[in-house]
Amino acid sequence: MGTSKKIRVLETIRQGQIGGGETHLLDLVENLDKNLFEPVVLSFTDGPMVDRLQQMGIATHVIPTTRPFDITRWKAVKQFIAAQNVQLVHAHGTRAHSNVSWAARKLDLPVVYTVHGWSFHDNQPFLLRKLRILGEKYLTRRATVNISVSQSVHETGLQHFAGYQSVIIANGINQQKFNPERTLKDIRQELQIPRESLLVLFLARFTEQKQPLTMIRAFEQAAAQHPGLRLLMVGDGELKKEADALVAASPYAERIHMQSFRQDVPDILAAADIYVLPSLWEGLPLGLLEAMAMGKAVIASRADGTREVIQHEKNGLMVEVDHLQQQVTAALLQLARDASLRARLGQEARATISSTYSAANMTRQVEEIYKRLVKQ
């Protein structure tokens, strides 16, 4: 097939920092059939994801804005899309879709909108939540095809927008990369974490959604009762300063290791015994799936998409959002005291991923949508 016959797809995302949506985009772009598709990426901020894509030889561009519906950027976006000669736009998340929707409509291009998680949730002030719901209603109607990353994302859409339609395609994991049998770096040696300690891992953005401060307090309570426990926290975000201050003042500061966001996620996961994701809400959390693929015992809050992945005490432990701190502490102590439970949950977690959540399967499903839209 000559290059001219390839379907050029614009993949667009809000930021170049790496979070769930960004990892999803990287996996999708990597797994796309390059004989049929030629991806171009537009991000609205710079960051490690942009560097990674450029290393992979993917044309990647940045039009800077951190605002959804940023009208001042729409003309530049339209000029960019027109110059790229794409046949299809795939927007990942609200901010990206809100800033390409007008241009795509003007250029008469089909738009795929992947909802990784809704921008509205129950913890928001009333007016902000109302505005966000209106924004999402507008965006889902503007898309040619909506993709929900979990059944619960789809159901929340149905609750809020009459006639909401979406295809459910679960996030997938690159199981060559997230494979505990690979040779991996020794992170414990690098960070001077004793071999015999039980290492708890929090690997997420430091945001209200992911509850890093609750994680620190829950760990302190568990550490008081179990001297072998250590905590490794990896990530960045608006609550990082506050988290650093909380750790500095903690009586267990020497057992807590803080790191900025890192690219070597499989190596980090390999070093851990227990992975914790205490989120208030989730679409379908990729970080959780990655930890499970690496055969880790996981603790996760009973939030939206997470409920579809975790069966309590079968492939992980589920904690309630209502009394999060006490629940995380109790789950940490339960796993710390029971090595055979940790091993069993880790094995089941890995089996769950290989049977249901593969990046290759996810990509094939997305490709079918692309082909259908371009034919039309």
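Q: Which residue in β11 is the bridge partner of valine 200?
A: In this predicted model, valine 200 is bridged to isoleucine 274 of β11.

Q: In which sense do β8 and β11 pair, parallel or antiparallel, and over how many bridges?
A: The pairing of β8 with strand β11, residues 274–277, is in the parallel sense and runs over 2 bridges.

Q: What is the strand order in the sheet?
A: The order is β10-β9-β8-β11-β12-β13, an open sheet of 6 strands with parallel pairing.

Q: Which are the edge strands?
A: They are β10 (256–259) and β13 (317–319), each of which pairs on one side only.

Q: And what is the average twist from one strand to the next?
A: The twist averages 20°.

Q: Which strands does helix α8 touch?
A: Helix α8, residues 212–225, packs on the sheet and touches β8, β9 (229–234), β10 and β11. The direction of α8 makes about 170° with that of β9.

Q: What about helix α14: which strands does that one touch?
A: Helix α14 (residues 339–356) also packs on the sheet, where its contacts are with β8, β11, β12 (297–301) and β13. Its direction makes about 80° with that of β12.

Q: Back to α8: how do the axes of α8 and α13 cross?
A: The axes of α8 and helix α13 (residues 324–336) come within 8 Å and cross at roughly 45°. The crossing of α8 past α13 is right-handed.

Q: Which residues make that contact?
A: From α8 the contributors are Thr214, Met215, Arg217, Ala218, Phe219, Gln221, Ala222 and Gln225. From α13 they are Leu324, Gln325, Val328, Thr329, Leu332 and Leu333.

Q: How many are nonpolar, polar and charged?
A: The contact of α8 with α13 has 8 nonpolar, 5 polar and 1 charged residues.

Q: Changing topic to the backbone: what is the phi of aspartate 108?
A: Aspartate 108 has a positive phi of about 60°, although it is not a glycine. Most residues other than glycine have a negative phi.

Q: Where does aspartate 108 lie, and is it buried or exposed?
A: Aspartate 108 is in the loop between α4 (94–106) and β5 (111–115). Its relative accessibility is 69%, so it counts as exposed, the cut-off being over 50%.

Q: What of glutamine 192: where is it found, and what is its phi?
A: Glutamine 192 is found in the loop between α7 (187–191) and β8 (198–203). Its phi is positive, near 55°. With a relative accessible area of 67%, glutamine 192 is exposed.

Terms used. Residues numbered from 1 in each chain as written. Predicted model: local features only at pLDDT ≥ 70, side-chain atom pairs only at ≥ 80, totals over all residues. Heavy atoms only, no water. Helix = DSSP H or I, 4+ residues; strand = E, 2+ residues; numbered from the N terminus. Buried < 20%, exposed > 50% of the residue type's maximum accessible area, 1.4 Å probe, protein only. Pairing = 2+ DSSP bridges. Axes fitted to C-alpha atoms, helices over the stretch in contact; angles between N-to-C directions. Contact = heavy atoms within 4.5 Å. Left-handed = near helix turned anticlockwise from the far one by under 90°. Nonpolar A, V, L, I, M, F, W, Y, C, P; charged D, E, K, R; others polar.
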